[in-house]
Amino acid sequence: MSLVLDNLKKSYREPGGGKIPVLNVARLELQAAEQVALIGTSGGGKTTLLNVIAGITAPDSGRVLIDNTDVTSLNEASRDRFRALKIGFVFQTFNLLPAFTALENVLLGMCFAGKGTDSHRATDLLKRVGLGHRLNHRPPQLSVGEQQRVAVARALANHPSLLLADEPTASVDVANQNTILDLIRDACKENKVSLLLVTHAPDVAARFGRIEKLSDFNRPQ
Amino acid sequence: MNLVTISIKSIKQRLLSSSLTALSVALGVMLMVAVLIINGVVSDLFSQPSFGFNLVVGPKGSDLSLALSAIYRLDKPGEPLPYLFYKELKEHRAVEKAVPIAIGDVTQQGAFPIVGTIPEFFDLDYAYGKPFRVRGEFLKTPWDAVIGSRVAATNGWGIGSEFKLIHGGAESDHVHDEKFRVVGVLAPTGTPNDRTAFVSLAGFWAIAGHEKPLKEAVDRLEKFRYPVPQSLRETVAEPKKGHDHGHDHDHGLLDEQKEVTAIFIRTKSTAGSIALAGEINEDVRALAVNPIFPMKRLMTMIVDNIKLMLLTLTSLIIVVSAVSIFVSIYNSMADRRREIGIMRALGARRETVFAIILAESALLCLGGGVIGLLLGHGIVAVASPIIESRSGILVNPLSFEPLELVLFPVLLVLGSLIGFLPGLAAYRTDVAAALSE
């Protein structure tokens, strides 16, 4: 079993002192190497859910089990290390660091995992996403589609067991959407990585065998 | 890839502002290095721990002025002493060696100070245990000259070169007709001797106008309580007709007419030096001083205080530069929140992003320091000929002050201090909020 969300709750404080409940997930499971599309409306708590799963945001209560490790029980430093080693992240806006080349952006993920950097693997990953000729280009020198491909390569750099993708096609044109989606799905399949892809677009979700509607299992009120 | 390379990348990303802030540190360090080098040279020059003699005797007045004029040739000489006084001191029981010098003129080319002296001058070591070494020979005939290494290098002179003297210093336009011929070139000593041209005292006196007019000589001798020969008194009272002392033929100068500017004395013992100095100083005629003491006083009272003031000023410049680095990095933190959020999302710990910011600030300080160090030596290289021509002090741009080494740990600490608050801001970054910006 790759991912289990168990009785997960999260709310944000209002300036006036009250609380806004955002997440209330009784249970959600992803099998190892399973690919799931999570569909939800804007402001529905999709990004918060991903942040909680990744250990970026602490839940108010509940558990997040990844490969049988309860992420919520780890201290912050352990969560950071766990995230670096076990979780790949692909963001809507790619979140590449502009000062670093494509290759360096991939190496950066390895650097923070504390295992040392592997230029051969980083190069290989970039070649597999079709950017073998763009290794030393910085993000501003790459097209939007190419930037997202670098982000995919970076997410896979540390052999994660779970890849979280937050609207990865929202910023790319229609022509690139399918390419990016295929790339992410194929890479996860090839590397036996579980994929939880969040989207608000039904056509994107439709490409997945399993589709979960956030509103079906998240009842914050 | 490591934290330092990540920091360097961040610096490169903001190349203009990073360069300007590092440059401000560099300018501060440049000034400090220049101050340290020049001060070090001045300190070394004026803190010479020993000379080949232990007393300088000159006219009554300031002991510092005597040392500066006789040894360093930086001050104008005072009223000269009668040559007879030198002869008297030479025979003193405490004196091992006495060497007279006459100064005041400069070379026509390069305006290097002239020292008229006797060959025994070169028997006195220029510093303790360091004898003069010469290419060629020391003074033998009246028109011989031995020149310091700097004089030779600057004027392009060697053995056989001839030169004329300007009377009374560089400001004068009276060039003596007599020529001296270089017979020896001294090996470098790192002392004022390097920029001095030594000429035979006999030749110096033989130059037209260097002799004391008889009447003045008599007055001077009386002041010094020397018996004036009757024949001399008669000559002064009734000068021989047709004998004009204003012209330039060889007068066969009388000892009574000869003068020296100062006398270097090596005594037989330290006790003898103290006793002799006391004896001379009790008298109203002359002043004897161990040059180490006035120079030490000069260092303590003036040079060290100037150094302290300049170092304080340059330290403040560096601190102000450091504050500008702080402001630059701190202001950039708002723009970098997302960048830090991304790093944290990729697994970077709080301590890691803190260290990246700290390293960035330390690198800017250290980079500025290295550039400042090079610029400091560079500016000394540019300024050294000007300093030398104005003050006669030789400054080696490559000379290194130990305090320069202290600069780098200080800059590292300073960099860490100014990086602390921006680093703390990075440490406290809310990752989720930063990513959503």
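## Basis

This is a predicted model, in which local features need pLDDT of at least 70, side-chain atom pairs count only at pLDDT 80 or more, and totals for chains, interfaces and linings use all residues. Residues are numbered from 1 along each chain as its sequence is written, while chains are lettered from A and ligands numbered from 1 in the order in which they are written.

## Chain A overall

Chain A holds eight helices and nine strands. Both are DSSP runs numbered from the N terminus: helices are H or I with at least four residues, strands are E with at least two.

Chain A has 221 residues, and 50% of them count as buried. Buried means 20 or more other C-beta atoms within 10 Å of the residue's own, with C-beta atoms placed from the backbone. Of the contacts in chain A with a separation of 6 or more, 73% join residues 24 or more positions apart. A contact requires C-beta atoms, placed from the backbone, within 7 Å.

## The four-stranded sheet

Four strands of chain A form an open sheet in the order 2-1-4-5, with antiparallel pairing. Strand 2 (19-30) and strand 5 (69-70) are at the edges; each has a single partner strand, so one side of each lacks a neighbour in the sheet. Pairing takes at least two DSSP bridges between two strands.

Strand 4 (residues 61-66) of chain A pairs with strand 5 of chain A over two bridges, in the antiparallel sense. Leu65(A) has Asp70(A) in strand 5 as its bridge partner. Helix 1 (residues 46-54) of chain A lies across strand 1 (3-13), strand 2 and strand 4, and runs at about 65° to strand 2.

## Contact between the chains

Chain A contributes 22 residues to the contact and chain B contributes 17. On the chain A side, helix 2 (76-86) and helix 3 (102-113) each supply at least two residues. Helix 3 of chain A gives the most, with seven. By class, the chain A side has 13 nonpolar, five polar and four charged residues. Nonpolar covers Ala, Val, Leu, Ile, Met, Phe, Trp, Tyr, Cys and Pro; charged covers Asp, Glu, Lys and Arg; the others, Gly among them, are polar.

## A helix pair in chain B

In chain B, the axes of helix 10 (residues 292-345) and helix 12 (residues 402-427) come within 9 Å and cross at roughly 25°. The two helices are therefore roughly parallel (angles under 35 degrees). Axes are lines fitted to C-alpha atoms, for helices over the stretch in contact, with angles from 0 to 180 degrees between N-to-C directions.

Residues of helix 10 including Phe326(B) and Met333(B) meet residues of helix 12, among them Leu414(B) and Pro422(B). This contact has 13 nonpolar, one polar and no charged residues.

Terms used
Angles under 35 degrees count as roughly parallel, over 145 as roughly antiparallel, 65 to 115 as roughly perpendicular and the rest as oblique. Two residues are in contact if their C-beta atoms, placed from the backbone, lie within 7 Å. A residue is buried if 20 or more other C-beta atoms lie within 10 Å of its own, exposed if 12 or fewer, and partly exposed in between; C-beta atoms are placed from the backbone.
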